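Please look through the structure below before reading on.

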Amino acid sequence: MQYATIGQKLYVQHCQNCHGAKGEGLGKLYPPLTDQKFLEENRDKLACIVKNGMAGEIVVNGEKFNQAMPGVPSLTNIDVAYVLTYITTYFGNSTTHFTQEEVIQMLKDCR
């Protein structure tokens with residue numbers, strides 16, 4: 001799957017330092033990306049988080065995290081789709097992928 005292959009390269013470049021090679025996170029600082037429930041419940045917000053970052057407390061795998069995450073505004077819409085597809089299929093066991101069109105719509109709706 002092209003999306004996941006390219007997504008993995010983008011993940012290694014932009015996300016792995018904080019979230020780990022297997023999406024395991026880093027202690028109490030950076031949340032893991034393996035909480036399938038969190039990924040599913042927040043699917044419509046994930047593109048905004050990747051592109052724009054986020055701040056404030058979140059709960060992942062029952063643990064609270066409150067470390068600001070910088071966004072990666074240099075990523076194109078298709079790059080965001082690639083990296084989210086990689087994260088949700090490899091770490092979240094999802095069987096669906098993100099499309100560029102879906103990411104464009106999500107980014108329009110960022111709050």
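**A walk through the model**

Thr-95 is found in the loop between α5 and α6. The model is a predicted one. Is Thr-95 buried or exposed? Its relative accessibility is 80%, and a residue over 50% counts as exposed, so Thr-95 is exposed. The C-alpha atom of Thr-95 is separated by 9.2 Å from that of Thr-85, and the two residues are 10 apart along the chain.

Asn-93 lies in that loop too, between α5 (77-91) and α6 (100-108). With 56% relative accessibility, Asn-93 counts as exposed. Asn-93 also has a backbone feature to look at. Most residues other than glycine have a negative phi. Asn-93 is not a glycine, yet its phi is positive, at about 60 degrees.

Asn-61 is another residue with a positive phi, near 50 degrees, and is likewise not a glycine. Asn-61 lies in the loop that runs between the strands β2 (58-60) and β3 (63-65). Its relative accessibility is 45%, so Asn-61 counts as partly exposed.

Now turn to helix α5 and its contacts with other helices. Helix α1 covers residues 2-14, and its axis comes within 7 Å of the axis of α5. At what angle do the axes of α1 and α5 cross? The crossing is at roughly 95 degrees. Angles of 65 to 115 degrees count as roughly perpendicular, and α1 and α5 are therefore roughly perpendicular to each other. On the α1 side, the residues in contact include Tyr-3, Ile-6, Leu-10 and Tyr-11. On the α5 side, they include Ile-78, Tyr-82, Tyr-86 and Phe-91. Sorted by class, the contact of α1 with α5 has 13 nonpolar, 5 polar and 1 charged residues.

Helix α5 also meets helix α4, which covers residues 43-52. The axes of α4 and α5 come within 10 Å and cross at roughly 115 degrees. These two helices are therefore also roughly perpendicular to each other. The crossing of α4 and α5 is right-handed. Which residues of α4 take part in the contact with α5? They are Leu-46, Ala-47, Val-50 and Lys-51, and they meet Asn-77, Val-80, Val-83, Leu-84 and Thr-88 of α5. By class, the residues of this contact divide into 6 nonpolar, 2 polar and 1 charged.

Is Val-80 buried or exposed? Its relative accessibility is 0%, so Val-80 counts as buried. Leaving aside residues up to four places away in sequence, Val-80 touches Ala-47, Val-50, Lys-51, Leu-75 and Val-103. From Val-80 to Val-103 is 23 residues in sequence, while their C-alpha atoms are 7.1 Å apart in space.

The last topic is charge. Side chains of opposite charge can pair when their charged atoms come close. How many salt bridges does the structure hold? There are 3 salt bridges.

One of them joins the side chains of Glu-63 and Lys-28, with a distance of 2.3 Å from N to O. Glu-63 lies in strand β3, whereas Lys-28 lies in the loop between α2 (16-19) and α3 (36-41), so this pair ties together parts that are 35 residues apart in sequence. Glu-63 counts as partly exposed because its relative accessibility is 33%. Lys-28 has a relative accessible area of 59% and is therefore exposed.

Another salt bridge is formed by Glu-41 and Lys-37, whose closest N and O atoms are 3.7 Å apart. Both residues lie in helix α3, and the 4 residues that separate them make about one turn of the helix. Glu-41 and Lys-37 are both exposed.

The remaining pair is Arg-43 with Glu-102, where the closest N and O atoms are 3.0 Å apart.

Key
Residues are numbered from 1 along each chain as its sequence is written. This is a predicted model: local features need pLDDT of at least 70, side-chain atom pairs count only at pLDDT 80 or more; totals for chains, interfaces and linings use all residues. Side-chain values use heavy atoms; hydrogens and water are left out. Buried means under 20% relative accessible area, exposed over 50%, partly exposed in between (1.4 Å probe, protein chains only). Axes are lines fitted to C-alpha atoms, for helices over the stretch in contact, and angles run from 0 to 180 degrees between N-to-C directions. Angles under 35 degrees count as roughly parallel, over 145 as roughly antiparallel, 65 to 115 as roughly perpendicular and the rest as oblique. A crossing is left-handed if the near helix is turned anticlockwise from the far one by less than a right angle, and right-handed if clockwise. Contact means heavy atoms within 4.5 Å. Ala, Val, Leu, Ile, Met, Phe, Trp, Tyr, Cys and Pro count as nonpolar, Asp, Glu, Lys and Arg as charged, and the others, Gly among them, as polar. A salt bridge is a side-chain nitrogen of Lys or Arg within 4 Å of a carboxyl oxygen of Asp or Glu.
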